[in-house]
Amino acid sequence: MNAKIFAAALVVVCFGGVVHARTIAIIGTGDVGATLGPRWAAAGHEIVYGSRSPESGRVQALVVETGVDAWAALPSDAAVAAEVIVLAIPFSVVEDLLPRLGDQQGKIVIDCTNPLSRDLADLVVGHGSSGAEIVAGLLPGARVVKALNTTGVSNMRDTAYPDGPPTMLMAGESAMAKAVVAGLISDLGFEPVDAGPLKSARWLEPLAMLWIELAYRQGMGDDIAFKLIRR
Ligand SMILES: NC(=O)c1ccc[n+]([C@@H]2O[C@H](COP(=O)([O-])OP(=O)(O)OC[C@H]3O[C@@H](n4cnc5c(N)ncnc54)[C@H](OP(=O)(O)O)[C@@H]3O)[C@@H](O)[C@H]2O)c1
């Protein structure tokens, strides 16, 4: 039995016969990519980092930290190999980078980006559109889900709060894709909440700005998170 089949079998055993291990391409190895990768790997997923410099010492150290099933490749090779693609890149590069990923028809794409201005003080897209809708336009046929953009890496790393798990809102057109993304969000310890169609990214991206404002300009720090409460 080779290592990958053994790892898959282990996941089947550990999760009571439900196969849910996925190959996830994380495009970008900065704060978000390097935080999500090890956490999803620990939940049993195979991680391939899509990087401009997959052979660099920095990226190879991240691969080693992530675990035995992790590897790194150029972004287009990583995207081809995966069933779920996570965009952990500056929004300013999507127009150049996404068309170079090739045909991503049918793939699930998690858009974590926020269309921030250079000084991080404003959104450069809003009201009548969203970064996520621009991303979807650059990846024809992909099932784009906006998610993991409304919080900081501090919470992607650790979702433990005394009042229970933070909410992670997501938006997208495909119910199937949102079900998969909800599972991945749960693996990180967030409570996934469906905010409706991709157009709702127009409201999720300003919510990210609010988190940034509270954490950094209002001085609350990054150990804060949004939670939906119900009665
Ligand atoms: N940081 C947060 O707390 C947070 C939270 C929610 C959402 N976001 C959003 O998530 C995205 C990633 O954020 P981040 O904090 O991880 O950013 P980051 O630390 O700057 O990392 C971005 C990564 O994108 C890749 N990249 C590809 N082309 C690039 C280019 N031309 N210039 C610079 N980087 C390029 C790089 O990886 P390679 O060198 O391997 O190619 C780089 O490490 C952003 O859109 C951000 O707004 C961030």
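How many helices and strands are there in the protein? In this predicted model, the protein has nine helices and eight strands.

Start with the overall dimensions. The C-alpha trace spans about 55 × 40 × 35 Å along its principal axes. A compact globule of 231 residues would have a radius of gyration near 17 Å, and the protein has 17 Å, so the two agree. Of the 231 residues, 48% are buried. The accessible surface comes to about 11,200 Å², and carbon and sulfur atoms account for 58% of that surface. As for charge, the protein carries 18 positive and 24 negative side chains, and the centres of these two sets lie 3 Å apart.

Next, consider how the chain meets itself. Among contacts between residues at least 6 apart in sequence, 68% join residues at least 24 apart.

I26 sits in strand β1, which covers residues 23–27. Its relative accessible area is 0%, and because buried means under 20%, I26 counts as buried. Beyond its neighbours within four places in sequence, I26 is in contact with G33, L36, G37, W40, I47, V48, Y49, G50, V86 and A88. The C-alpha atoms of I26 and P75 are separated by 8.4 Å, with the two residues 49 apart along the chain.

H45 lies in the loop between α2 (31–42) and β2 (46–50). Not counting residues up to four places away in sequence, H45 touches H20, A21, R22, I24, W40, L184 and D187. With D187 there is also a polar contact, side chain to side chain, at 2.7 Å.

Key: Residues are numbered from 1 along each chain as its sequence is written. This is a predicted model: local features need pLDDT of at least 70, side-chain atom pairs count only at pLDDT 80 or more; totals for chains, interfaces and linings use all residues. Side-chain values use heavy atoms; hydrogens and water are left out. Helices (H or I, at least four residues) and strands (E, at least two) are DSSP runs, numbered from the N terminus. A polar contact is a pair of N or O atoms within 3.5 Å; within protein, one must be able to donate a hydrogen and the other to accept it, and residues adjacent in sequence count only if both atoms are side-chain atoms. Contact means heavy atoms within 4.5 Å. Buried means under 20% relative accessible area, exposed over 50%, partly exposed in between (1.4 Å probe, protein chains only). The radius of gyration is taken over C-alpha atoms; the globule rule is 2.2 Å times the number of residues to the power 0.38. Accessible areas come from the Shrake-Rupley method with a 1.4 Å probe; for residues, only the protein chains shown count as cover. Lys and Arg count as positive and Asp and Glu as negative; His and the chain ends are not counted. The place of a charge is taken as NZ of Lys, CZ of Arg, CG of Asp or CD of Glu.
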